[in-house]
Amino acid sequence: MNAKDRAYQWLNASNIDEESKSQIQTLLASPDDLAESFQIDLEFGTGGLRGLMGIGTNRMNKYTVGMATQGFSNYLKQQFDGKITVAIAYDSRNNSRLFAETCADVFSANGIKVFLFQELRPTPELSFAIRHLGCQGGVVLTASHNPKEYNGYKAYWSDGGQLVPPHDKNVISEVKKIKSIDEINFESNPDFIEPIGEAIDNAYLNMITSLSLSTEIRKSNCDLKIVFSSIHGTGITMVPVALEKIGFTDIHIVKDQETPDGNFPTVVYPNPEEKEAMSMALIEAEKIDADLVLATDPDADRVGIAVKNTKGEFQLLNGNQTGSLLVYYLLEKWNEKGLKGDEYIGKTIVTTELIRDIAISFKTNCYDTLTGFKWIAALIREKEGKEVFIGGGEESYGYMIGEQVRDKDAVASSVMIAEMAAWAKSQNLTVFELLIKIYRQYGFYYEELKSITKKGLKGVAEIKEMMDNFRKNPPSHLANSKVCQIIDYLEGHKIDLEGKKEVIRFPKSNVLQYLTEDGTKVSIRPSGTEPKIKFYFSVMSELDEEGYFKTEDKLKEKIHNLLNDLNL
């Protein structure tokens, strides 16, 4: 059906409410807006269902949420016999509570028992709850760090990880079988909905406390000055109490950003990757001369940090730097206790190779996965009972400590980052000085991400054209270094200088990588959750005798040359 036919199908449905009818009538008078809202369906990407809020098949609303939940319900009933239970959580975004209640209505109407968080909670706590309560699935309503106009729906399986093949495609297949919103069962059964809260909070916090690796060092540095901002999200519910529970006593909360608010009034984007979103926390840090700044995104699965550099200025560390610091600390402490040889680190293919170098130095395996934490969760499931997951992460500010949560966890990561900072302080090092020590030992890895936004249906076509062009016309040199390997995760192979092809053991994904003789890595992929094409650049060199900032400038210049070579 075309957009107009789809719109009329909704307009004539018995399930549609009057407000939605009015919105559809308005869209019918604007062909372009109608096409954007009704031409296609929202699809699961690396982060599940995500899109602009509004009426239409290509928008987040109670009907698309209802269809996703009806399809998920149908699939759960196919896969599991007997009693089926799910957990549902939601963040601070506009309509998140409404969408969570919609999910609960549909699940319960289909005879599925629902554990519904009474109040907003971090995404990782939802993953924990699924495992703790023995659920067969779960849903969290969030659009992570996207702009305020967005919301999303992340679906989880019984292991607490997001859906991966075959389950993700099978759920979508079930959703596509639903030809009308009248096929959604919205008739809630209150007997099948149980509120949850404090008991799960306590279990989750106890689990995080159990991850500690430096009890004595943490106690002796409990006065570490920490600034925390939740950027109007769910982090405020768990991060401060987790830090206090583990013993940190000098925590300063950014008051103007502590109230959960889906309009995110003090920032342009609620994303701790952006300096603008961290600006209030940095002002507070300057005021109190903090040791560490922590800020979480709306659903508290990502955490950004800032520390004082050697110039005495607060500097934001990127996700690769923070991930490398965490892995170094984890492996140092595990090594003290005695590594047995069956432990491993997990990271995504676009994340820094510094993490692999650190792992190798500790004689510990480091495995790559596709982009998205659901693939790290799948890796843990694959190796469960055979190898032990220490921790890992991805460049986009997401980290996981241990196996008890199967999604990136900014609450546990904030605690472990603070513990790492206390450990560094016990050695008379700042966090920044510890990073320099790592660079001196392993090499200075420098990464940048360039995202190009291409909105709407036209943008989808433009991104496809760009990816096709990079596949058909790969560069022979990048920044004056010969391209020695091309890895195509969609085609499922890598090609060397001589043109020899080798099969790679990854699920197919629209990702392309160029590797050069001097260690440069360029990764290109369309975003699975935003209308963007992303370019990940990684370059490295020895840490220059002139120091960190001179070396960084040289590596930045190299990335500038890479951008020119790719006409970006």
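Which residues touch the most other members of the largest nonpolar core? They are Leu243, Phe248, Leu294, Ile358 and Tyr514, in a core of 102 residues. A nonpolar core here is a set of buried Ala, Val, Leu, Ile, Met, Phe, Trp, Tyr and Cys residues joined through side-chain atoms within 4.5 Å; buried means under 20% relative accessible area, exposed over 50%, and partly exposed in between, with a 1.4 Å probe and protein chains only. The helix H15 gives the most to this core, with 12 residues. In soluble globular proteins, nonpolar side chains tend to be buried together.

Before going further, please keep in mind that this is a predicted model, in which local features need pLDDT of at least 70 and side-chain atom pairs count only at pLDDT 80 or more, while totals for chains, interfaces and linings use all residues. Residues are numbered from 1 along each chain as its sequence is written, and side-chain values use heavy atoms, with hydrogens and water left out.

Beyond its neighbours within four places in sequence, Ile358 is in contact (heavy atoms within 4.5 Å) with Ser324, Val327, Tyr328, Leu331, Ile438 and Tyr442. There is also a second, separate core of 46 residues, which includes Phe38, Tyr63, Val114 and Leu163.

Now back to H15, which covers residues 410-426 and packs against H10, residues 235-245. Helices (H or I, at least four residues) and strands (E, at least two) are DSSP runs, numbered from the N terminus. The two helices pack at an angle of about 35 degrees, with axes 9 Å apart; axes are lines fitted to C-alpha atoms, for helices over the stretch in contact, and angles run from 0 to 180 degrees between N-to-C directions. On the H10 side, Met238, Val239, Ala242 and Leu243 meet Ala410, Val411, Ser414, Val415 and Ala418 of H15. These contact residues divide into 8 nonpolar, 1 polar and no charged.

Next, find strand E5, residues 150-157. Because 8 of its 8 residues are buried, E5 is largely enclosed by the rest of the structure. One side carries Tyr150, Gly152, Lys154 and Tyr156, and the other Asn151, Tyr153, Ala155 and Trp157. Strands pair if DSSP finds at least two bridges between them. E5 pairs antiparallel with E1 (residues 49-52) over 4 bridges, where Leu52 is the bridge partner of Tyr150. E4 (residues 137-141) also runs antiparallel to E5, joined by 5 bridges, and Gly138 stands opposite Tyr156.

Conventions: Ala, Val, Leu, Ile, Met, Phe, Trp, Tyr, Cys and Pro count as nonpolar, Asp, Glu, Lys and Arg as charged, and the others, Gly among them, as polar.
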